[in-house]
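Welcome! Here is a short briefing to read alongside the structure, topic by topic.

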Amino acid sequence: MAWKWKYSHKEEMEDTSSHRPGLTGLQNLENTCYMNAVLQCLCSLPQLVEYFLSGRWNTALRTEIGESATAFGCLISDMWLGEFDYVSPEAFHSVFGKQYPTFSRRTQHDAQEFLICVLDDLHEAFKESSRHRAGAEARGSGSGTSIITQLFEGQLSYGITCLKCNTITNRPESFTVLSLPIPSRRVCSLQECLDCFFQPDTLTRNNQIHCYWCGTNQDATVKATITRAPQIIIFHLKRFAWQDKHRRKLSTTVDYPLQNLDLSPYSSTFSYNEVYSLCAVVNHAGDIDYGHYTAFCKHSSTNHWYSFDDVQVTKISDSAVQTDTAYLLFYTCQGY
């Protein structure tokens, strides 16, 4: 299938030629800034870029369900090999909307929900047989492995302790995005958000667990630990919360490190591969009813940070990456 794209040739920029691989804006198709911000972050990840630009994706593609994955591959190719100020993601938006009709409407959507659907769609398009994988490790029955699981999938273990007999049961669960609660204060750190997520929780009353050894429902504690950390870990800061039957946006400033994020305190086994560096950010400015998404991405070749605001691409300082509008944080493992 031939994809139709709208291009704008790059103008000469100071200290650069007109060819700027990976620094290409995306046209807003009316309220699609959520899509543009997520696509910029995904298309800035060197592991994913290499997979598509090398052509390996063609071999793995399941053509019968890979239309949107093909459009994604064309988009990432134009963003890294073309010589344009910006391109239109219209072809991707069109075919992706057929698979996920919610996103076919040109209205504002949640970037985190869109991200999860994109990762699931790419996984389905590239997945291999899962016969050799243990059922507990797979995303689901017959789900298989793919470039998405190789890069983004981690595993948690929920240790559930019966408070009557003290028996501990472990329940594994795979993840691609971790949604972190934000403490109720003006300023907090990402570490405090992680502490909130991984702190033990007590299950009582209607939330009791059925204890096999006691034979009845019992109060219990549950605590999550990371049993397998992914190459790229994505944190969703839960800024949208319910209060008195109304959704509101939390404006808490979350301080997050650009380097040396250590996840070993939340892991069941220490590993030097659990230290991470920030590589991309999705920002949401505005309130719950009206807002605008942008992205910050670290260029894998120059190691400079850039702001992507639809068609506008601007170089920014490291200090400018820390904002109070961060919504999705992409960290890559320093051990890879």
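At 0% relative accessibility, C193 counts as buried, because buried means under 20%. Please keep in mind that this is a predicted model. From this cysteine we can move on to its neighbours in the list of topics, then to a helix and a pair of strands.

**Cysteines**
- The number of disulfides in the structure is 0.
- C193 takes part in no disulfide, and the nearest cysteine sulfur, which belongs to C188, is 3.9 Å away.
- A disulfide needs two cysteine sulfur atoms within 2.5 Å.
- For C196, the closest cysteine sulfur is that of C193, at 6.5 Å, so the two are too far apart for a bond.

**Helix α2**
- Helix α2 covers residues 46–53.
- Its buried residues are Q47, L48, V49, Y51 and F52.
- After α2 comes G55, which has a positive phi, near 90°.

**Strands β4 and β5**
- Strand β4 takes in residues 154–162, and strand β5 takes in residues 168–175.
- These two strands run antiparallel and are joined by 8 bridges.
- The hairpin of β4 and β5 has 5 residues between the strands.
- In that hairpin, N166 takes a positive phi, near 65°.

Conventions
Residues numbered from 1 in each chain as written. Predicted model: local features only at pLDDT ≥ 70, side-chain atom pairs only at ≥ 80, totals over all residues. Heavy atoms only, no water. Pairing = 2+ DSSP bridges. Helix = DSSP H or I, 4+ residues; strand = E, 2+ residues; numbered from the N terminus. Buried < 20%, exposed > 50% of the residue type's maximum accessible area, 1.4 Å probe, protein only.
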